[in-house]
Amino acid sequence: MSALKIKKGSSKHSAYNLRPTFSDVTETHTIAVLVENEPGVLARVIGLFSGRGYNIDSLTVAEVDHEGHLSRITIVTSGTPQVIEQIKAQLGRIVSVREVHDLTVEGRSVERELALLKVKGTGDKRVEALRLADIFRANVVDSTLESFVFQLTGTPDKIDAFADLMRPLGLIEVARTGVAALARGA
């Protein structure tokens with residue numbers, strides 16, 4: 001004990017504070033990255049994640065400005081707040097990266113995903129699949145006597161819920177585009 005009677009870790013402003021400030025809570029964030037559309041940029045961005053052991057839950061890439069040769073990469077990833085901050089800082093250091101936006105932190109955003117789901121079934125299962133598709137506003141884009149292919153657009157949670165309901169009815173294949181997201185407002 002010192003002459004000032006300050007206990008170890010008694011104040012977060014103390015030089016003796018030895019309590020860790022790291023959080024164990026895992027958060028999911030949607031990060032939009034505007035990059036120059038040139039060979040190897042996507043490989044460098046993905047290499048950042050794989051080289052450090054970060055996981056990518058969803059990834060979409062498309063050219064958004066033909067004249068300016070810019071592409072937008074939308075990444076959904078999970079991690080502690082410290083890991084998310086590290087990801088954003090490291091993305092910003094890549095030479096071809098113009099902007100990095102954490103849509104989860106910066107305010108409200110709109111997120112959508114497209115999915116195609118193939119459901120095989122006959123009789124009552126077929127009728128039930130069509131009824132559920134109507135409830136979820138899924139469109140039938142292909143139909144045979146034994147199967148349907150449904151197209152569904154919505155949040156990832158909506159697509160997960162639809163897929164969960166279709167599994168017992170004969171869901172055999174799913175293709176998803178990944179999340180596309182934009183910040184709301186000006």
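Where is Arg-137 found? I will come to that in a moment, after a word on the model.

This is a predicted model, in which local features need pLDDT of at least 70 and side-chain atom pairs count only at pLDDT 80 or more, while totals for chains, interfaces and linings use all residues. Residues are numbered from 1 along each chain as its sequence is written, and side-chain values use heavy atoms, with hydrogens and water left out.

Now the answer: Arg-137 is in the loop between helix H3 (124-135) and strand E6 (139-143). Helices (H or I, at least four residues) and strands (E, at least two) are DSSP runs, numbered from the N terminus. Arg-137 is not a glycine, yet its phi is positive, near 60 degrees. Its relative accessibility is 72%, so Arg-137 counts as exposed. For these classes, buried means under 20% relative accessible area, exposed over 50%, and partly exposed in between, with a 1.4 Å probe and protein chains only.

His-69 also has a positive phi without being a glycine, at about 55 degrees. Its place is the loop between strand E2 (56-65) and strand E3 (70-79). At 48% relative accessibility, His-69 is partly exposed.

Strand E3 also holds Thr-74. Thr-74 has a relative accessible area of 3% and is therefore buried. Leaving aside residues up to four places away in sequence, Thr-74 touches Thr-30, Ile-31, Ser-58, Leu-59, Thr-60, Val-179 and Ala-181. Contact here means heavy atoms within 4.5 Å.

Next, a helix pair. The axes of H3 and helix H4 (residues 156-166) come within 11 Å and cross at roughly 165 degrees. Axes are lines fitted to C-alpha atoms, for helices over the stretch in contact, and angles run from 0 to 180 degrees between N-to-C directions. H3 is therefore roughly antiparallel to H4, a label for angles over 145 degrees. On the H3 side, Ala-129, Leu-132 and Ala-133 make the contact, and on the H4 side, Phe-162, Leu-165 and Met-166. By class, that is six nonpolar residues, no polar and no charged. Nonpolar covers Ala, Val, Leu, Ile, Met, Phe, Trp, Tyr, Cys and Pro; charged covers Asp, Glu, Lys and Arg; the others, Gly among them, are polar.

Last, the whole chain. It has four helices and nine strands, running β-α-β-β-α-β-β-α-β-β-α-β-β from the N terminus on. Of its 186 residues, 33% count as buried. Among contacts between residues at least 6 apart in sequence, 69% join residues at least 24 apart.

Definitions and conventions
Parallel < 35°, antiparallel > 145°, perpendicular 65-115°, else oblique.
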